Amino acid sequence: MSEISNRQCGILWDLDGVLLDSEGKYSIFWARMEEEHPTGIDNFASYIKGFHLNRIMGYFESEEVRQQILDELLAFERDMVYEFFPGAIELVKQLRAAGIPMAIVTSSDRKKMQSLYSQHPEFPTLFDHIITGDMVTKAKPDPDCYLMGAKLLGIDIKDCIVVEDSRNGLIAGRESGARVIGIATTLSREAVNELSDMTLDSIGQLSVEQMLNTRRIVK
């Protein structure tokens with residue numbers, strides 16, 4: 001057993017692309033937005049993965065266009081079918097039953113989260129805290145959101161495990177000082193492996209024992 005499993009630890013979960021199988025849907029949405037309102041950025045939908053919404057909006061110059069996109073995004077998220085990756089909720093419940101403190105740390109805003117809760121009312125009860133993008137001043141790749149998560153859990157960040165899929169999220173996790181488990185749902189396994197202490201192809205491959213015995217790797 002590693003040192004982290006011999007004392008209290010905390011789990012800091014990203015949401016989209018880790019627990020929630022939604023990144024593909026967002027890619028289609030943002031690719032369409034970029035096509036209708038060109039930003040000049042190649043592979044825009046991939047480039048913005050993990051970005052706070054305010055930062056994404058900054059790539060669209062017109063206030064009128066930004067408002068139009070926000071309105072479309074609100075409708076999109078309201079009507080989206082929120083589906084979890086196989087094994088994701090089961091793993092969260094196992095960790096919950098084991099008494100492991102957990103927080104969601106997502107770039108999504110509260111409106112999107114309310115749409116999620118309306119379809120899955122049990123979801124917010126599975127976590128001690130849920131940190132949304134509108135609760136932080138510095139978004140990923142800045143580590144502030146994960147440092148906030150550790151503080152709310154009352155656990156040293158060095159005793160926390162971050163679970164992420166996007167490049168910006170993985171960087172934020174590493175910069176925070178936490179141990180990082182990378183899920184290769186958004187990036188290639190090679191790209192994720194560069195920034196994580198453990199790399200898996202899906203959350204369904206992860207067990208409670210694996211999680212609590214993740215060792216920090218210096219890269």
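The model is predicted. It holds two cavities of 30 Å³ or more, and Asp16 is among the residues that lie nearest the centre of the largest one.

**The largest cavity**
- The space inside the largest cavity comes to about 380 Å³.
- Its lining is made up of 25 residues, and Tyr26, Phe51, Ser107 and Ser108 join Asp16 as those nearest the centre.
- Helix α1 gives the largest share of this lining, with four residues, while α1, α3 (53–57) and α4 each supply at least two.
- Sorted by class, the lining has 10 charged, eight nonpolar and seven polar residues.

**A closer look at Asp16**
- You will find Asp16 in the loop between β1 (10–13) and α1 (23–36).
- Asp16 counts as buried because its relative accessible area is 8%, under the 20% cut-off.
- The side chain of Asp16 makes polar contacts with the side chains of Ser22, at 2.3 Å, and Lys112, at 3.0 Å.
- Among the other residues that Asp16 touches are Tyr26, Thr106 and Asp165.

**The second largest cavity**
- This one has a volume of about 60 Å³.
- Its lining includes His52, Thr106, Ile131 and Cys145, and divides into five nonpolar, five polar and one charged residue.

**The largest pocket**
- About 150 Å³ of space lies in the largest pocket.
- Helix α4 (residues 63–79) provides six of the lining residues, the largest share.
- Leu53, Asp109 and Lys111 are also part of the lining, which has four nonpolar, four charged and one polar residue.

Note on methods:
Residues are numbered from 1 along each chain as its sequence is written. This is a predicted model: local features need pLDDT of at least 70, side-chain atom pairs count only at pLDDT 80 or more; totals for chains, interfaces and linings use all residues. Side-chain values use heavy atoms; hydrogens and water are left out. On a 1 Å grid over the protein atoms alone, a cavity is a set of points where a 1.4 Å probe fits but cannot get out, and a pocket is an open set with protein on both sides within 12 Å along at least five of seven lines; lining residues have an atom within 4 Å of a point. Grid points are joined across faces, edges and corners, and a volume is the space filled by probe spheres set on the points. Ala, Val, Leu, Ile, Met, Phe, Trp, Tyr, Cys and Pro count as nonpolar, Asp, Glu, Lys and Arg as charged, and the others, Gly among them, as polar. Buried means under 20% relative accessible area, exposed over 50%, partly exposed in between (1.4 Å probe, protein chains only). A polar contact is a pair of N or O atoms within 3.5 Å; within protein, one must be able to donate a hydrogen and the other to accept it, and residues adjacent in sequence count only if both atoms are side-chain atoms. Contact means heavy atoms within 4.5 Å. Lists of a residue's contacts leave out its neighbours within four places in sequence.
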